[in-house]
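Colleague: I would like to learn how to read the features of a structure. Could you please guide me through them one at a time?

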Number of protein chains: 2
Amino acid sequence: MSMKKEEALRKSKSRKGYGKQDKYERIIDAAVKVFAKKGFHKARISDIASQAGVADGTIYLYFKNKDDILIHIFEYKLQQIIELFEAEIEQEASPVFKLARFILLHFSMLGEDPNLAAVLTVELRQSHKFMKEYTPRKFGEFLKIITGIVIEGKDKGLFKDDVSPGVVKRALFGAIDEMGTFWMLAPRGKRGKYSLGDTARQVCDIFIRGLLKDPKVWDTRKGEFFNQKGGEL
Amino acid sequence: MSMKKEEALRKSKSRKGYGKQDKYERIIDAAVKVFAKKGFHKARISDIASQAGVADGTIYLYFKNKDDILIHIFEYKLQQIIELFEAEIEQEASPVFKLARFILLHFSMLGEDPNLAAVLTVELRQSHKFMKEYTPRKFGEFLKIITGIVIEGKDKGLFKDDVSPGVVKRALFGAIDEMGTFWMLAPRGKRGKYSLGDTARQVCDIFIRGLLKDPKVWDTRKGEFFNQKGGEL
């Protein structure tokens with residue numbers, strides 16, 4: 001994990017204070033592990049309590065039920081991810097490199113925290129309550145990072161004028177989410193064919209060349225991006 | 001629906017014969033309507049029987065349970081879709097236009113058969129059994145259409161040499177599936193912002209320009225594609 005990432009995570013953690021928040025966090029982290037290992041449907045509240053080192057009843061002081069824990073994981077972790085992504089993307093001057101950074105960060109998360117990735121990409125969809133009743137406002141905030149980059153790229157005359165940021169946002173998220181889900185679900189032996197690093201590079205190539213008025217900008221400058229610190233997965 | 005599409009559907013239907021197969025088809029079609037209208041979880045076998053005009057018990061002569069009907073819808077309809085896509089794509093000489101045709105067909109399906117689209121994009125994921133236990137071999141066959149086009153494009157020297165057909169296959173499917181799901185779930189008022197036709201064009205632009213060694217090939221020839229018969233949604 002890069003220095004910048006650690007700093008963003010620390011910032012996000014220290015803001016929460018101690019005591020009550022500390023136990024909340026412990027339960028959230030324990031639930032991520034349990035959901036990833038047992039699957040959402042088979043996981044029991046008592047498994048989460050035991051993993052977190054708290055009494056079963058304590059869980060109900062913080063959460064209504066198992067679906068509620070999942071929603072809290074989603075909101076809490078996504079907030080950390082948004083802060084981390086925004087801090088890292090801010091370091092890049094060009095919207096082209098910002099978009100590449102977004103794609104790289106997404107794939108590097110899968111490698112760095114496979115439990116969280118499994119919960120966010122696979123287990124979440126197992127909760128009927130989450131899929132049908134929850135309005136994922138935080139998810140909208142996350143996707144807005146893409147919209148912001150695309151608008152900046154159009155404003156600077158780099159991206160094609162007829163591009164809709166809303167279409168790019170969903171198409172790009174769909175592409176990286178599908179690749180991520182595949183990677184999470186694939187047996188380890190089959191993953192090798194599509195390493196995270198190579199996949200991230202290819203998705204960068206498609207979307208950035210696809211959006212640029214002059215794709216040669218990326219063809220000639222991408223070496224610079226991948227060679228800089230943090231350009232490798 | 002174009003002549004070619006009708007022909008492909010007729011071909012696929014006539015192969016099945018009458019009698020038993022006819023009732024099977026009637027139940028499948030009724031289930032698509034019921035699942036799309038009531039949602040998979042709320043739909044009852046008796047709703048499907050009544051929509052199909054058969055006795056409840058008849059359903060169990062053909063299907064084990066509600067999840068089994070969903071799996072049959074998936075296999076049966078996807079087979080028709082594969083035959084239709086292959087027939088239409090075959091008409092295009094260039095792999096560039098073949099890929100554009102694939103994208104256009106996918107989006108036009110959403111508009112032409114919204115019930116089926118709702119079942120395939122949204123309701124399917126509500127079946128725990130389907131998501132966890134079923135190996136979607138037919139889905140693999142569908143995705144292979146993309147792989148075939150990408151390999152042809154590389155062989156003809158049009159697409160970049162470092163492109164992995166497997167990555168493109170999943171990234172493209174992820175993008176069009178996410179756009180499609182969004183379109184299906186969006187309130188009708190919000191859909192207008194992203195018409196199917198405009199979305200399809202933008203996805204064509206991103207992926208085809210992203211893959212081409214020389215994106216100008218698409219920039220200068222796409223008018224020709226969209227102006228030909230069947231180029232409009």
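Modeller: We begin with a helix and its surroundings: the buried residues of helix 3 of chain A pack against helix 2 (20-38), helix 4 (56-62) and helix 5 (66-90) of chain A. Helices here are DSSP runs (H or I, at least four residues), numbered from the N terminus. Buried means under 20% relative accessible area, with a 1.4 Å probe and protein chains only. Contact means heavy atoms within 4.5 Å. This is a predicted model: local features need pLDDT of at least 70, side-chain atom pairs count only at pLDDT 80 or more, and totals for chains, interfaces and linings use all residues. Residues are numbered from 1 along each chain as its sequence is written, chains are lettered from A and ligands numbered from 1 in the order in which they are written, and side-chain values use heavy atoms, with hydrogens and water left out.

Colleague: Which residues of helix 3 of chain A are buried?

Modeller: In helix 3 (residues 45-52) of chain A, the buried residues are Ile45(A), Asp47(A), Ile48(A), Ala49(A) and Ala52(A). Just after this helix, Gly53(A) has a positive phi of about 70°.

Colleague: How is the packing of two helices described?

Modeller: Two packed helices are described by the angle between their axes and the distance between the axes. Axes are lines fitted to C-alpha atoms, for helices over the stretch in contact, and angles run from 0 to 180 degrees between N-to-C directions. For helix 10 (residues 165-185) and helix 12 (residues 196-211) of chain A, the angle is about 165° and the axes are 12 Å apart. Helix 10 of chain A is therefore roughly antiparallel to helix 12 of chain A, a term for angles over 145 degrees. Helix 10 of chain A passes helix 12 of chain A in a right-handed crossing (the near helix is turned clockwise from the far one by less than a right angle). Among the residues that meet are Leu172(A) and Trp183(A) in helix 10 and Val203(A) and Phe207(A) in helix 12 of chain A.

Colleague: At what angle do helix 6 and helix 12 of chain B cross?

Modeller: The axes of helix 6 and helix 12 (residues 196-211) of chain B cross at roughly 155° and come within 9 Å. These two helices of chain B are therefore roughly antiparallel to each other, and helix 6 passes helix 12 in a right-handed crossing.

Colleague: How many aromatic pairs does the structure hold?

Modeller: Rings of Phe, Tyr and Trp (its six-membered ring) pair if their centres lie within 6.5 Å; planes under 30 degrees apart count as stacked, over 60 as edge-to-face and the rest as tilted. The structure holds 27 aromatic pairs over all chains. One of them joins Phe35(B) and Phe40(B) edge-to-face, at 5.2 Å centre to centre with 65° between the planes. Both Phe35(B) and Phe40(B) are buried.

Colleague: What lies over the face of Phe226(A)?

Modeller: A charge sits over a ring if NZ of Lys or CZ of Arg is within 6 Å of the ring centre and within 35 degrees of the ring normal. Arg201(A) lies over the face of Phe226(A), at 4.2 Å from the ring centre.

How values were computed
Buried means under 20% relative accessible area, exposed over 50%, partly exposed in between (1.4 Å probe, protein chains only). Angles under 35 degrees count as roughly parallel, over 145 as roughly antiparallel, 65 to 115 as roughly perpendicular and the rest as oblique.
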